[in-house]
Amino acid sequence: MEWFFLPWSLMAYLTVGFDPTGWHGTEQHWYEPPGPAEKWLIETVYETVAAETRCTRCGAPLERPRLRADAWPVRVATRCRSTARHRHRADVFRTPDGLHTDPLTRA
Ligand SMILES: [Zn+2]
């Protein structure tokens with residue numbers, strides 16, 4: 001089952017030392033809403049993860065995730081493609097070390 005952990009290893013690599021302030025030249029604080037670079041990164045990573053993840057309940061592929069990124073934590077939600085449409089979700093937090101991501105788990 002090593003393939004399951006690969007995306008999260010990649011995520012750790014991407015977020016360690018990730019500094020979105022360098023892209024804008026302005027300092028961002030934890031209480032500020034997610035910026036475009038952070039939304040793009042989160043969306044890209046979870047699209048990749050969802051494409052490689054199966055529903056933990058029925059094994060069906062997952063749909064493209066949707067973000068609720070108006071504030072922290074960013075909420076990531078998706079459903080499986082079976083008729084049951086099981087919900088999966090994850091939260092993303094901003095920490096002093098970068099972005100902390102949770103795996104997609106059944107809600
Ligand atoms: Zn399912």
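## Overall composition

Of the 107 residues of the chain, 23% count as buried, a residue being buried if 20 or more other C-beta atoms lie within 10 Å of its own, exposed if 12 or fewer, and partly exposed in between, with C-beta atoms placed from the backbone. This is a predicted model, in which local features need pLDDT of at least 70 and side-chain atom pairs count only at pLDDT 80 or more, whereas totals for chains, interfaces and linings use all residues. Residues are numbered from 1 along each chain as its sequence is written.

The secondary structure comprises 3 helices and 5 strands, in the sequence order α-α-α-β-β-β-β-β. Helices (H or I, at least four residues) and strands (E, at least two) are DSSP runs numbered from the N terminus. Among contacts between residues at least 6 apart in sequence, 37% join residues at least 24 apart; a contact requires C-beta atoms, placed from the backbone, within 7 Å.

## Confidence

The average pLDDT, the predictor's confidence in each residue on a scale from 0 to 100, is 81 for the chain, and 72% of the residues score at least 70. Residues 1-6 have a pLDDT below 50 and, beyond near neighbours in sequence, 0 contacts in the model. Residues 12-19 also fall below 50, with 9 contacts beyond near neighbours in sequence. Where pLDDT is low, the predicted coordinates should not be read in detail.

## Strand pairing

Strands are taken as paired if DSSP finds at least two bridges between them. S1 (66-68) and S2 (residues 74-79) pair in the antiparallel sense over 3 bridges and form a hairpin with 5 residues between them; Arg 66 stands opposite Ala 77 of S2. The loop between S1 and S2 contains Pro 73, which is joined to Trp 72 by a cis peptide bond with omega of about -5°.

S2 and S3 run antiparallel and are joined by 6 bridges, with Thr 78 opposite His 88 in S3. In the loop between these two strands lies Arg 85, a residue other than glycine with a positive phi, near 50°. Arg 85 counts as partly exposed because 13 C-beta neighbours lie inside 10 Å. Most residues other than glycine have a negative phi, and most peptide bonds are trans. S3 pairs in turn with S4 (residues 98-101), antiparallel over 4 bridges, through a hairpin of 2 residues; Phe 93 has His 100 in S4 as its bridge partner.

Leaving out residues up to four places away in sequence, Val 92 touches Ile 42, Pro 73, Val 74, Val 76, Leu 99, His 100 and Thr 101.

Arg 75 is partly exposed, as 16 other C-beta atoms lie within 10 Å. Apart from neighbours within four places in sequence, Arg 75 is in contact with Arg 68, Arg 89 and Asp 91. Arg 75 and Asp 91 are 16 residues apart in sequence, with a C-alpha to C-alpha separation of 4.8 Å.

Key
Contact = placed C-beta atoms within 7 Å.
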